[in-house]
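Hello,

Here is the structure for you to look over. My notes on what was found follow below.

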Amino acid sequence: MTHLPYIAASYGLAVLIGAGFAVDAWLRVGRARRRLDAIDPRRTRGRDAG
């Protein structure tokens, strides 16, 4: 009996959880930027001028 399936599943699960955290962080940053654009007029002024 080999432990390879358990080791592979462990690494796979670690990669999936890490990817889930990364996607969640990316989405949260996008939402935070949109919220900041809505309440801070200085952020939109620079884009309109350029």
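The protein has two helices and zero strands; helices (H or I, at least four residues) and strands (E, at least two) are DSSP runs, numbered from the N terminus. This is a predicted model, in which local features need pLDDT of at least 70 and side-chain atom pairs count only at pLDDT 80 or more, while totals for chains, interfaces and linings use all residues. Residues are numbered from 1 along each chain as its sequence is written, and side-chain values use heavy atoms, with hydrogens and water left out.

Surface. The accessible surface of the protein is about 4,800 Å², and carbon and sulfur atoms account for 65% of that. Accessible areas come from the Shrake-Rupley method with a 1.4 Å probe, and for residues only the protein chains shown count as cover. Of the 50 residues, 4% count as buried (buried is under 20% relative accessible area, exposed over 50%, partly exposed in between; 1.4 Å probe, protein chains only).

Phe21 lies in helix 1, residues 4–39, and is exposed at 60% relative accessible area.

Salt bridge. The structure has one salt bridge, meaning a side-chain nitrogen of Lys or Arg within 4 Å of a carboxyl oxygen of Asp or Glu. Asp40 and Arg42 form it, at 3.2 Å from N to O. Asp40 is buried, with 16% relative accessibility, whereas Arg42 is exposed at 58%.

Arg33. Arg33 is in helix 1 and is exposed, at 52% relative accessibility. Its C-alpha atom is 9.6 Å from that of Arg43, 10 residues apart along the chain.

Regards
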